[in-house]
Amino acid sequence: MDLLASPGLIISLIIVAIGVLLIVKGLVIVRQSEVMVVERLGSFNRLLESGINIIIPFIEQPRAISMIRYRKQGEEYYPIATDEIRIDRRETVMDFPGQPVVTTDNVTVTINGALYYQIIDPKRAVYEVANMSQAVEVLAKTTLRSVVGKMELDKLFESRAEVNNAIQSAMEEPASKWGVKISRVEVQDIAMPEEVESAMRLQMAAERKRRATVTEAEGEKSAAIAMAQGQRESSILNAEGDKQSAILRAQGEQESIKLVLNAIGETEENKRTVVGYLLGQSYIKALPTMAKDGERVFVPYESSALLGSMGMFREMAGSPEDVVSQHVRNRQSGADLRSGMVGGAAGQG
C-alpha cells in the first residue's frame, strides 16, 4: 500500500497521462479533399493536407472558417451559420433564396439562382474575408441585380445563358481575391407579378393569332397567284387556238375562192362578184346575232348591193359550192376520159 501511494508513482502516472493527452491532441487526421489552416501562437503557420498530421498541442491551433448554408423548408429558406476547422475543397453549390430584381422596362421579377463555387486557396478564404460564403452570396445577388437590371423582360427569358455567363464573368475577379473559383451560375426560376403574367398570355395569344392571319393571307396570296397564272396560261392557249382557227379558216376561204375563180374564170368582174358573195354570207350569218340585241335592226346600205351581187352570182353560175362541185366533177371526168384513151391505145397495140 505504501508503494502504491508513493509520490513518485503518482507523478509518473500524471506524466504518462499528460503524454497520452499530448499525443491525442497532437495527432490530426485530415480526410481527402479537405485541408486545415494551422496557426502557431496566433499567426499563420502551415496547411495540413489529407492524411496523418502532427501538431503541437496548445501552441498550434487550427483556424476555423465561417460558413453560411441555407436549409429549405417548404417555400422558405433558413440560414444556418457554422464555424468549420476543416475546409472542403470540393465544388459546393449555394442555392440562395429568390431576389427581387427590376428590369429595364420597370417590371419587378423574383429570381431564384444557384451558385457553384470551389475554394482553391484556403489561406485567402480564411484571412482575406471575414465570412467567405456570405461574401460570395452577397456578391452573387448584387451582380444578378446589376446584370438583369440592364435587360428587358422578354430579353431576360430569351437569354438565360447570357445572364449566367455575365454573372460568372463579373464575379470571377473579386472572388479570386478570396481564394474562391466561381464555376458557374444558374438562374433557376423567374417569378413575375400576376398582372404581368396575364398581359404576357394575352400578348402571346395575339401573336399566335397574328401569325395565323399572316399564314392564311400568304395562302390566299399563293392561291390567287396560282389562279392568275392558270388563267393567263389558259388565255394564251385560247388565243393560240383562235389564231390557228382563224388561220385555217382564212386558208380554207382562200382555197375556196381560188377554186371558184378557176371554175368561172379569173376576170376582174368575176373576182368582185365572188368577194361580194362572200361578204353577203357574212352579213347573213351576223343578222341573227344582231336581232338578239334589240327589237329594231338597222342594216347598212351597202348590204343591199352585196345581196344583189349574191343574186346575180346565183343567176350566172349558181352558188359557189355548186360551181366548185361542178369543177371537181369536170376534173374527174377528164381524168376518166384520159385513162380510157390510154387503155384503148394499149388494147390496139
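Leu41 is exposed, with a relative accessible area of 71%; exposed means over 50%, buried under 20% and partly exposed in between, using a 1.4 Å probe and protein chains only. Leu41 sits in the loop between strand 2 and strand 3 (43-48). Although Leu41 is not a glycine, its phi is positive, at about 55°. The model is predicted, so local features need pLDDT of at least 70 and side-chain atom pairs count only at pLDDT 80 or more, while totals for chains, interfaces and linings use all residues. Residues are numbered from 1 along each chain as its sequence is written, and side-chain values use heavy atoms, with hydrogens and water left out.

**The chain overall**

- The chain has nine helices and twelve strands; helices (H or I, at least four residues) and strands (E, at least two) are DSSP runs, numbered from the N terminus.
- Of the chain's 349 residues, 26% count as buried.
- Among contacts in the chain with a separation of 6 or more, 59% are between residues 24 or more positions apart; contact means heavy atoms within 4.5 Å.

**Glu39 in strand 2**

- Glu39 is located in strand 2 (residues 34-40).
- Glu39 counts as buried because its relative accessibility is 12%.
- The side chain of Glu39 makes a polar contact of 2.7 Å with the side chain of Arg63; a polar contact is a pair of N or O atoms within 3.5 Å, where within protein one must be able to donate a hydrogen and the other to accept it, and residues adjacent in sequence count only if both atoms are side-chain atoms.
- A polar contact, also of 2.7 Å, links the side chain of Glu39 to that of Tyr127.
- Leaving out residues up to four places away in sequence, Glu39 touches Phe44, Asn45, Ile59, Glu60, Gln61, Arg63 and Tyr127.

**Asn106 in a loop**

- Asn106 belongs to the loop between strand 10 (99-102) and strand 11 (108-119).
- With a relative accessible area of 65%, Asn106 is exposed.
- Asn106 is not a glycine, yet it has a positive phi of about 60°.
- Asn106 and Leu153 are 47 residues apart along the chain, and their C-alpha atoms are separated by 8.8 Å.

**Helix 3 against helix 5**

- Two packed helices are described by the angle between their axes and by the distance between the axes.
- Helix 3 (residues 132-148) packs with helix 5 (residues 160-177) at an angle of about 135°, and their axes are 9 Å apart; axes are lines fitted to C-alpha atoms, for helices over the stretch in contact, and angles run from 0 to 180 degrees between N-to-C directions.
- Helix 3 is therefore oblique to helix 5; angles under 35 degrees count as roughly parallel, over 145 as roughly antiparallel, 65 to 115 as roughly perpendicular and the rest as oblique.
- From helix 3, Val136, Leu139, Ala140, Thr143, Leu144, Val147 and Val148 meet Val163, Ala166, Ile167, Ala170, Met171, Pro174 and Ala175 of helix 5.
- The contact of helix 3 with helix 5 has 13 nonpolar residues, one polar residue and no charged residues; Ala, Val, Leu, Ile, Met, Phe, Trp, Tyr, Cys and Pro count as nonpolar, Asp, Glu, Lys and Arg as charged, and the others, Gly among them, as polar.

**Side chains that reach backbone oxygens**

- Ser159 is in the loop between helix 4 (153-158) and helix 5.
- Ser159 counts as buried, at 9% relative accessibility.
- The backbone oxygen of Lys155 is reached by the side chain of Ser159 at 2.6 Å.
- Thr215 is part of helix 6 (residues 194-264).
- Thr215 counts as exposed, at 53% relative accessibility.
- The side chain of Thr215 reaches the backbone oxygen of Arg211 at 2.7 Å.
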